[in-house]
Amino acid sequence: MKIFSGSSNPKLARKVAKKLKIKVGKVELSRFANGEARVFVRDKVNNSAAVVLQSFSRPVDEHVIEFCLLCDALKRLGAKKITAIVPWLGYSKQDKVFREGEPLSIKVIAKIIQTAPFDKLITLDLHNQSIIGFFDKPVIQLSAQPLFLEYFKRICRHRPCNSARTVPAGLTGKYIVIAPDAGSIKSSTAFAQKLKLPIAYIDKERDLISGKVKIHGISKEVKDKKAIIIDDMISTGATLIETVRFLKKKGVKKVFVAATHHLFVPHVTQKLLKSPIDKLLISDTISPNIPLKPNKKLKILSVAEIIAKAIINT
Ligand code: R5P
């Protein structure tokens, strides 16, 4: 088995390959003079399994097409089975027709990518579970949450006053999980339960046209607490920045944020790091499109092992 990477996240592909002790296949990715994608697989794949890793990050449409062409090239070279790893499934936030006149974009994208000859698709933390229903091929959804869970368990263990090594005793009373919007209630509640922490729900509204976020309130008293926010993605950063400002106004002492997909929309990382967020955890499902300066507030956790295990076990 070999792993073949598109141009979106070769670093993650190399990490997954290392975990699996397999090679990264040689692929030349370039553009024709007229701008069309040009894919050339230089390795032999005859009758063996191939893994294709490509996040649908910026430039999204180019990465989608490159992915389809790469799968096709591998099939033509005789790949027996193709596993598609799409750590971030772009277009997944467009999972509804929000206003008359809009397409059901993720359904269209699901159709387009399924013209590529992969056998199953592995992705992480979908924006909405019902997206899986737009696929005819098997979709396996993984989560970066175990990485965040371990991080928050460690914080607890390091509390000097807590000699017991169990999570609940250390965290209760001080920490609280915050669900930043209605869509995150289910996963935030599950996360809070795993840490045996209470949860508070934010009443958030987003203007569909301007994209502006308004926070109307919160379901619980949070004064003097340390808040943990779990979200699936960061796009403009508005949800998190507004939530953190709101929480600090309500007297929250510290805010830890963990999000699986940071879409690296220009300038958003800087905005987040300048905001009153105390710690920002993200995963490496998407490669930063700009060099990231080391920052104490920012921690990137790798999903490579989670993906590698899924390739072996599914
Ligand atoms: C909302 O439904 C999602 O879970 C995220 O909170 C949201 O997509 C983040 O977007 P932004 O960073 O633009 O607020």
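Visitor: Where is Ile209 placed?

Guide: This is a predicted model. In it, Ile209 sits in the loop between β10 and β11 (213-218).

Visitor: Is Ile209 buried or exposed?

Guide: Exposed, because its relative accessibility is 72% and the cut-off for exposed is over 50%.

Visitor: Which residues make the nonpolar surface patch there?

Guide: Ile209 makes the patch with Phe98 and Leu208, and the patch comes to about 340 Å².

Visitor: Switching to charges. How many salt bridges are there?

Guide: The count is 13. One of them pairs Arg31 with Glu62, with the closest N and O atoms 3.6 Å apart.

Visitor: Which parts of the chain does that pair link?

Guide: Distant ones: Arg31 is in strand β3 (residues 27-31) and Glu62 in helix α2 (residues 60-76), 31 residues apart. Arg31 is partly exposed at 37% relative accessibility, and Glu62 is partly exposed at 39%.

Visitor: What about Arg76 and Asp72, where do they lie?

Guide: Both are in helix α2, 4 residues apart, which is about one turn of the helix. Arg76 counts as exposed because its relative accessible area is 67%, while Asp72, at 31%, is partly exposed.

Visitor: OK, on to the ligand. Which residues come nearest?

Guide: Of the 14 residues around the ligand, the nearest are Arg206, Asp231, Asp232, Thr236 and Thr239. By type, the shell has 3 nonpolar, 5 polar and 6 charged residues.

Visitor: And how far is the ligand's oxygen from a polar side-chain atom of Thr236?

Guide: 2.5 Å. An N or O atom in the Lys93 side chain is 2.9 Å from a ligand oxygen, and a polar backbone atom of Gly237 is 2.7 Å from one.

Visitor: How much of the ligand does the protein bury?

Guide: 92% of the 370 Å² that the ligand exposes when taken alone.

Visitor: Which elements give two or more residues to the shell?

Guide: β10 (199-206), β12 (226-234) and α7 (238-249). β12 gives the largest share, with 4 residues.

Visitor: Back to Thr239. Buried or exposed?

Guide: Thr239 is in helix α7. It counts as buried because its relative accessibility is 9%, and buried means under 20%.

Visitor: What does its side chain make a polar contact with?

Guide: The side chain of Lys204, at 3.0 Å from that of Thr239.

Key:
Residues numbered from 1 in each chain as written. Predicted model: local features only at pLDDT ≥ 70, side-chain atom pairs only at ≥ 80, totals over all residues. Heavy atoms only, no water. Near = heavy atom within 4 Å. Polar contact = N/O pair within 3.5 Å; in protein donor to acceptor, adjacent residues only side chain to side chain. Areas by Shrake-Rupley, 256 points an atom, 1.4 Å probe, with all protein chains shown as cover. Nonpolar A, V, L, I, M, F, W, Y, C, P; charged D, E, K, R; others polar. Patch = residues over 30% accessible without salt bridge, like charges linked within 9 Å, V, L, I, M, F, W, Y side chains within 5 Å. Salt bridge = Lys/Arg side-chain N within 4 Å of Asp/Glu carboxyl O. Buried < 20%, exposed > 50% of the residue type's maximum accessible area, 1.4 Å probe, protein only.
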